[in-house]
Amino acid sequence: MNRIHGFTLVEALIALVLSSLVLILVSTTFLVQNRYQANQVLRAAAHDNVRSATDLISRELRSSMRGGIVVAGARTLTVRSPVAVGSVCERGSGFLADRDVHFDGGAARMATEEIAGVAAHDPADGAWEYQLWPWFIMDGGSSASAARCATATAADTTDASEDFHTLRLLALALGSDAPDVGELVMLFRETTFTIEPSDLEPPMLALFRQPYLEDPVEFASGIDSTARFGYRLSGESSYRDTIPEGDLDDIDAVQLQLDARRLSESAEEEDVTFGWSTNLLLRNAP
Amino acid sequence: MTPPVGGREREGGFVLALVVLMLFAIAMASGAGYLVVSAESRMARHSGESEEALAIARGGLNRFVSEQLGVVADSARYAMGNGEAAVSARRVAEVDEFTHMYFVRSAATVPDPLAQGSPSRRVVGAYAYHRRRPLPLHGALVLSVADISVENPAEVSGDDAGGAVCPGGAQPSITGAIAREGVAEDGTLEGSPEYELWPGGYAQFMNQVALRWDILTDPSFPVDFEDVRPPFSTLPADSFPVVRLNGSPMLNPSWSGRGVLIVTEEFRAVPSFSWEGIVLAGWVDDRVRGSIDGMLVGGFSGTEPYDEIEVQGTIRYHSCNVDRANASLSYLELVDDAVFEID
């Protein structure tokens, strides 16, 4: 009766061995899958990190105007990019050097807290003259700006009176080169990007973004030691690590080599690395 | 005795549990992998659409600027690639009588088929000069040939023939005739001065005249009328259309009219042909006949079959005809290297 209703010891051992084998097989598969998935997550995180960093830098870099790169080093890049570009439609006189300017959307659409200064466009050679100049001094309001432009230079202000704003440039900003009617002005932000040791993920490097007169902020961690900026001068084919001050206006492309590295969680496993290099052509390069 | 059922049930349950466990593990791994891959794929697609939207915005801006001839349109829409560009223009200043400043804005959208209602959108802006006098007032007759001879009783005059009828009254005289090496007169040659010489040949001619002949004669560049006679009787009296004639047609009185006449090759006319405004030609016949109240400028093609041109008709500078025709030729010109992204 017992042999009929139960298992023999041999049967039980065989079942146990077989079950163990199956379990080992399943668990190994699961662990391999798990490790692979974890690796993929790390790789995706590294990928996302550098790609979002690249997007942010490229927006500022690509829209920069001629002469907008003011520091070009292997691990430091300072760029001036437009917060707004406008056209002068009426000029005042005297020391205040007021200029009524058309900006698309007016001051309401501008991120005025980001403005580091003002630049004037030279229509003869297309160059910009930059001057660091705070917005709170420059801001002349917009109360009568549209009306003045409509009267003086027949600007079409229909349904767009908010698009016109007075800039108080003073004689100190841009001096005698303050722009005339029909010339362009740019309100620019100045941002410095640096590759330095990370505060959040030591001992890795990180990409820091530092707006003008503000503290640097770490916005892309996990950067590998091979990361650097490269620069191409107009007419050349190769990228250099640094560009001397006199040649900055001739930069027509910037290379972002932001290789990423994610440290593995155990000593037996290798770090996850992700090579990332992007060449950004400057839209308004000479 | 019936066989025990419980043992078999336990054995069956054990196998089922294994299968369920394996399926669960595989499903978990597959799900995680799918999430990672789909997220990556979605981000890559959004990034691509955003880049395409930017390219369309820039393309729309450039197309709008290049298509404006005469009065600047308020807005235009262009279907490009997988998206659409909506372009608008606003005059922001009159710099001087012949140069206005416009702001041109191009907003492009590229729809995402998987996320209806949230298309990728990029906006670019730029300022552009509206050149309202593209043809400088150098002379009533400007040719890149070596010699011009004004026959008797022909007339070439740089004095304003429209002084009595133009709203602004008589304008300052311009040069009567301009050639490369010499201008002779048997008939009437007037102006201030009567003639000028541009010894620099074709290069100087193109530099001084400063019109983009390659664009004006490009078949894809839109003009008001091409190879057809404008219905002047039904057009408003103050309209000065741009008419392009391809080749070297012989112009008879039925072609007479007003505006800007572009002859892509040789300008040939019978004596009874007349035109009020500006005539631009690749080159001109060795005998210039007909009557032009405005300006005749020939030699854009760079080929001059004739060394000497005999003027047998009448070419008189007419300030308001020329100004109106010039306004029809006016165009937008982007400020160099100053396109910027908005938002």
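## Terms and source

Two strands pair if DSSP finds at least two bridges between them. Helices (H or I, at least four residues) and strands (E, at least two) are DSSP runs, numbered from the N terminus.

This is a predicted model, in which local features need pLDDT of at least 70 and side-chain atom pairs count only at pLDDT 80 or more, while totals for chains, interfaces and linings use all residues. Residues are numbered from 1 along each chain as its sequence is written, and chains are lettered from A and ligands numbered from 1 in the order in which they are written.

## The sheet of chain A

In chain A, three strands form an open sheet in the order β10-β11-β14, with antiparallel pairing. Strands β10 (228–233) and β14 (277–281) of chain A are at the edges; each has a single partner strand, so one side of each is left without a neighbour in the sheet. On average, neighbouring strands of this sheet are turned by 20 degrees against each other, direction ignored (axes are lines fitted to C-alpha atoms, for helices over the stretch in contact, and angles run from 0 to 180 degrees between N-to-C directions).

Strand β11 (residues 251–257) of chain A is joined to β14(A) by 5 bridges, and the two run antiparallel. A:A253 has A:L281 in β14(A) as its bridge partner.

## The helix on the sheet

Helix α2 (residues 9–62) of chain A packs on the sheet and touches β11 and β14 of chain A; two residues are in contact if their C-beta atoms, placed from the backbone, lie within 7 Å. The direction of α2 makes about 20 degrees with that of β14(A).

## The contact between chains A and B

Chain A gives 34 residues to the contact and chain B gives 30 residues. On the side of chain A that touches chain B, the largest share, 9 residues, comes from α2(A).
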